[in-house]
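Subject: Structure handover

Hello,

Please find the structure below.

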Amino acid sequence: MSQANQNTSSSGRWLNLFAKGLLLFAMLAVLVPLLPLMPVAGLDPSWRLGMNVGVAEGMKIGEDIIFTFGPYAAVFTRYFHPATDELMVWGSLFLAFAGWVAALMAAGRRSSLPLVILALALPTSLFARDALLFLLPLLIGLAIVGLRDRYHSRLASALVMIIVLAPLGFLPLIKGTLLIACIAVMVLAAVLLIARREWLMATLTVCIPPIVIVAAWLIAEQPLDTLRIYITNMLPIVQGYTEAMALTGSSLEVIVYLAAACTISLAVLLQEQPRWEKIYVFLMFCLILFLSFKSSFVRHDGHHALIASIVLILVSICTLLFRFNRASGFAVVIACTSGFFISASYLHSPVRDYLSSNKNVYGAAAYGAYLRLFQPASLKASYDLSLENLGRLSPIPLLEGGSDIYSHQQWALIASGNNWAPRPVFQSYSVYTDSLAEQNRAYLASNSAPGNIFFNVEPIDGRFPAIEDGLSWLELLGRYKPVQFLQSHLQLERTSGYSMSRQEIFKGTYRLGELVTIPHRDTPIFMSMDITPSLLGRLVSFLFKPNQLKLVVRLQDGRTYSYRFIATMARSGFVVSPLINNTKQFGFFWGRTNYLSAESVESVQVTSSSWGSWFWQENIHVVIESLDGVSKFAVEDIYKFSKAEPNLFSEAETRMVTCEGAFKIVDRVSAADEILHASGWLISSEKQPLVPALTYFVLQDSEGVSHWFETSSEIRPEIGDHFGDEKLSASGFSIAAVVGKLQGSFEVGLAFVQEGAVHRCSNIRSNLEVRARQPDWEQSTE
């Protein structure tokens, strides 16, 4: 061999080693949360914290806790908890090493450049970690092909095969919905290996994932008999997600993704390889692209659309691993361009943000490694400090016994130091089906039910409020009583026995779009609806997402409301009348005075788009029941209604200022007095953003008389997130104002007291017309 050839061969080996090392470093930096995240307030942070606490306290995942994620959820969330940190780190290390080996096997002995490209692209998953979880099954599937004839020793091939296949048993314990992808990859790989008569490898393919899932389950200290329950309870989560969580978004983004996905698939088909291997690889790419399509565009918002963007980039690079030629190169260009286009709607500068992700990922990994090596106690200290800060924001008092919180602000309860005793599906918006609803109801009816409930009506996506965990309302009304109102939550205390009874009033069949008349009763009305998708609707739901339903509610006084309606949730039943739009109204169920008479529902109507009849069966089966026996209490003492104080402060005492804030007049109830419900947030913004010491709701009549109503403070985590200051989460407020004797035209505004001075907000105002018995309450500045 000439000197030049020797130099070329030597440089090639060094380049190959560099590429492999760079990819391993990237896998470790991206997958292993050396610098984990700490608890914060919010919806998603609540379930992330809740999953960690559930595992740390020995709850049975799949039975005591039913959610999309498993005992290794922290590998995905990167959330720190002292008791789950080791599971998170070692599980992530295992995935990183196995993913690295799979990528090397998929690349084979081809050019090292694709490995370098993949290493540089991996940090983009910082914006959507789901993309990594889709990448790993694809790498495993491609590694099965690359392993052929790689090693002369069958033992070496078997050992590498075990390492490559192991994540198929581990990934479903991170996120349960990945079970579909892992089973599909396992089946496709087994079929290919059987076709190639590689019996040992085929046997390993069907045996290793089940062994790993059992071993990992036991390592997480979960009882073996609950593994089957975990998998079984994941089925209604998967089945119900598509309809319940669907959001519409840009159709152009969907088209761009599909075009890029077709380009990638076509590039795979154009490769020269044996027919069965080509079909196998094509199906593997189609599987991952389809699953990521569903994950990205069923709930079409910024977070999920970024999954599509990053999956296109990473999956297209996998075509380079498999075959480095013009077709795969063209697919990468198209996919990356499409990915940048999709992300442009959600990132300020996609290309710059993706490039900077390398610095952020590697910087965080380096700093995290330093802390773990030289300041190992710092992570727990940061965790304790985060919980302490959240505890100051939380309105929840420390109580004896177990407590649970509705609907989804678990951070407030956990940070308060209470003993969290959650219902199985612990975030109410994810009670997608009647089977899940029944498990939550049965828990409240059992001896294990918590003695305290902190309840808040907070539906997502404009849903009909009572439909989320609607079946559990029966147990809450029959087994609990209101104790106090804490900012946004109503504290309920368990009573002895069950006071309520159900009596069927009507059972019948209606057509989609037909008015359903609700009987007028002084007691609550409970309704269940069986709405079934058509065959076409099922197919569309499987391939994409179903046509959305709306519930139009008409009240006795003529007011009409429209809500998002979920058919799978409606099957278990919900309180349809009176209409409950907020937490204070929910508390009036127990009122000795019928404060909810004006919210009595006259009729409801389930509607869909003009094409809806194609996707839903025509007939709707309806059962209507009355609920009797709800215990009565003096809720006036709980809510502390705010009464008007005319001219509490004179014009000379107040100063007009510019504020940051908004308010919304939510609803009202009728009785001897009229109660105006409003909520909002307010920040003093003259010098620096501050939460006012006291906030007032002001109605000024046509004669210039100002009626001042003192508000109650509420926690609004989204406000703190918006301003980047957690302290501003305390800027929320709500009010139940007695305005029964006020009539006429009013200017509505906000005022506050800060450092002893009184200020009125000049820029936050609205007009309100109050009539004798039927006020127009639909004024808003939000």
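Predicted model: local features only at pLDDT ≥ 70, side-chain atom pairs only at ≥ 80, totals over all residues.

Residues are numbered from 1 along each chain as its sequence is written, and side-chain values use heavy atoms, with hydrogens and water left out.

**Helix H2**

Helices (H or I, at least four residues) and strands (E, at least two) are DSSP runs, numbered from the N terminus. H2 covers residues 43-56, 14 residues in all. From first C-alpha to last it reaches 20 Å, close to the 20 Å expected at 1.5 Å a residue. That expected span is 1.5 Å times one less than the number of residues.

H2 is mostly covered, with ten of its 14 residues buried. Buried means under 20% relative accessible area, exposed over 50%, and partly exposed in between (1.4 Å probe, protein chains only). Among the buried residues are Trp47, Leu49, Met51 and Val53. Their cover includes helices H3 (73-77), H4 (85-107), H17 (378-393) and H18 (410-415), plus strand E2 (419-420). Just after H2, glycine 58 takes a positive phi of about 75 degrees.

**Two buried residues**

Histidine 81 sits in the loop between H3 and H4. It counts as buried because its relative accessibility is 12%. Its side chain makes a polar contact of 3.4 Å with that of tyrosine 383. A polar contact is a pair of N or O atoms within 3.5 Å; within protein, one must be able to donate a hydrogen and the other to accept it, and residues adjacent in sequence count only if both atoms are side-chain atoms. Leaving aside neighbours within four places in sequence, histidine 81 is in contact (heavy atoms within 4.5 Å) with Asn52, Val53, Ala56 and Tyr383.

Leucine 168 lies in helix H8 (residues 167-174). At 3% relative accessibility, leucine 168 is buried too. Not counting residues up to four places away in sequence, leucine 168 touches Ile140, Cys182, Val185, Met186 and Pro209. Leucine 168 and isoleucine 213 are 45 residues apart in sequence and 8.2 Å apart in space, C-alpha to C-alpha.

**Backbone points to check**

Most residues other than glycine have a negative phi, and most peptide bonds are trans. Here are some exceptions.

- Tyrosine 406 and serine 407 are joined by a cis peptide bond, with omega about 5 degrees. Serine 407 is in the loop between strand E1 (402-405) and H18.
- Serine 577 and proline 578 are joined by a cis peptide bond, with omega about 0 degrees. Proline 578 is in the loop between strand E11 (574-577) and H23.
- Arginine 78 is not a glycine, yet has a positive phi of about 65 degrees. It is in the loop between H3 and H4, and at 25% relative accessibility it counts as partly exposed.
- Aspartate 461 has a positive phi near 60 degrees. It lies in the loop between strand E3 (452-455) and helix H20 (472-479).

**Cavities and a pocket**

On a 1 Å grid over the protein atoms alone, a cavity is a set of points where a 1.4 Å probe fits but cannot get out, and a pocket is an open set with protein on both sides within 12 Å along at least five of seven lines; lining residues have an atom within 4 Å of a point. Grid points are joined across faces, edges and corners, and a volume is the space filled by probe spheres set on the points.

The structure holds three cavities of 30 Å³ or more. Strand E23 (744-754) and strand E24 (757-770) each give two or more residues to its lining. E23 gives the most, with four.

The second largest pocket has a volume of about 1,200 Å³. Of its 41 lining residues, the closest to its centre are Asn456, Val457, Glu458, Asn581 and Ser679. E18 provides the largest share of the lining, four residues.

Best wishes
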